[in-house]
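Subject: Structure handover

Hello,

Here is the structure for your files. My notes on its cavity, ligand site and backbone follow below it.

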Amino acid sequence: MSKEEIREALIEELGSWTSGEKLAESLEISRAAVWKHVQSLRSEGYEIEASKRGYRLAALPDLICEDLVKSGLRTEFVGRTIHHHPALASTNIEAKRIAPSAENGTVVVAEVQTLGRGRMERSWQSPKGGIWMSVILKPEIPPALAPQLNMAAAVAVARALEGLYGLEAKIKWPNDILVGERKVCGILTEIGAEMDSLEYAVVGIGINANIDPALFPEEWKATSLFGLLGREVSRLELVRKVLEEVEAASCDAESSFDGAFEEWRDRSATLGRRVRIIARNGEFEGMAESLEADGSLLVRKDDGRKERVFAGDCIHLRPATEMLE
Ligand code: BT5
């Protein structure tokens, strides 16, 4: 595609001028067509200057586009194909649309989402500066093991945040990534399956990266990497790291899963806490006693009975330190 070629040529000549005539000649298109593609790249966020000397890209744009992510990405299959969109309703919706014909590891990423989704049809704020992406995975596992991919994704994000920024990232059941009790990332895994085989899993990962945390209402107990670190992070570096860790942890999910499961449990912010569970069939309180390999949470109620929870919301009732007093 000429537009892609123009983008590549400008990135290659980063900071220098490339004449419009040369571009037109090498791509065998008119100068007007070059101009049209430049306009389209500008609308995607590329700051391309135009003068008598031609076109110039002064700096790499802060965009998570395929070429930029792939240079330096160390994975076998995750991220081999990346569909980058300036805006989408939801990367999960788009990923599910293309999943049946997409290859294992395909990624859909958007700079903003206009209808970002959380669990149970809740909405997910997805302004510019965050990382909103979905990874299509097609492991050969039965559908019953799909929760492991969800758990693997949480482990992957936690590892990435710790590895890149030294943040102590914890996992709040079922799958929120917390740093210091505040949510910095949410994960939504959806699957397409037959009775006995998983066709695909779409693992949607939303990371509040370079976002002003004041944007989130206090009751969400949300934060962002910008809020935690006091500086902007390289979203490209973070996407690469998360994709690398997703590949490692999802391969683990496909084999024995022991390693990823242990880590999921070790990183739990919920175990040992007093919690309120809001499930489809009602609400109750108790102590979060154990986590099972199928992703469920075992809660001991105040009357001593144990309840196994597969899905629902979990509210941490008191900070862990108070529990020890
Ligand atoms: C989640 O839902 O935590 C899963 C979020 C998954 C988002 C990713 S982004 C890429 C992909 N495409 C999508 O459309 N979705 C996935 P849940 O646990 O239900 O949390 C939703 C609740 O968190 C909302 O009801 C708000 O209270 C709060 N919330 C909304 N936006 C938030 C944000 N950016 N950061 C933290 N909390 C948020």
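The lining of the largest cavity is made up of Phe 77, Asn 104, Leu 137, Lys 138, Pro 139, Leu 149, Ser 250, Cys 251 and Glu 254. A cavity here is a set of points, on a 1 Å grid over the protein atoms alone, where a 1.4 Å probe fits but cannot get out, and lining residues have an atom within 4 Å of a point. This is a predicted model, in which local features need pLDDT of at least 70 and side-chain atom pairs count only at pLDDT 80 or more, while totals for chains, interfaces and linings use all residues. Residues are numbered from 1 along each chain as its sequence is written, and side-chain values use heavy atoms, with hydrogens and water left out.

The count comes to one cavity of 30 Å³ or more, and the largest cavity holds about 50 Å³ of space. Its volume is the space filled by probe spheres set on the grid points, which are joined across faces, edges and corners. Helix H8 (residues 235-254) supplies the largest share of that lining, three residues. Helices (H or I, at least four residues) and strands (E, at least two) are DSSP runs, numbered from the N terminus. By class, the lining of the largest cavity has five nonpolar, two polar and two charged residues. Nonpolar means Ala, Val, Leu, Ile, Met, Phe, Trp, Tyr, Cys and Pro; charged means Asp, Glu, Lys and Arg; the others, Gly among them, are polar.

Now the ligand. There are 26 residues around the ligand, of which Ser 90, Arg 117, Arg 119, Arg 122 and Lys 183 come nearest; a residue counts as near if one of its heavy atoms lies within 4 Å. The shell around the ligand divides into eight nonpolar, 13 polar and five charged residues. Helix H5 (91-98) and the strands E5 (131-137), E8 (182-193) and E9 (198-207) each give at least two residues to the shell, and E8 gives the most, with four.

- Lys 183, 2.7 Å from an oxygen atom of the ligand
- Asn 208, 2.9 Å from a nitrogen atom of the ligand
- Trp 220, 3.1 Å from an oxygen atom of the ligand

Taken alone, the ligand exposes 800 Å², and the protein buries 93% of that (accessible areas by the Shrake-Rupley method with a 1.4 Å probe).

On the backbone, the peptide bond from Trp 173 to Pro 174 is cis, with omega near 0°. Pro 174 sits in the loop between strand E6 (169-172) and strand E7 (176-179). Glu 28 is not a glycine, yet has a positive phi of about 55°; this residue lies in the loop between helix H2 (20-27) and helix H3 (31-44).

Regards

Conventions:
1 Å grid on protein atoms, 1.4 Å probe; cavity = no way out; pocket = protein on both sides within 12 Å on 5 of 7 lines; lining within 4 Å. Polar contact = N/O pair within 3.5 Å; in protein donor to acceptor, adjacent residues only side chain to side chain.
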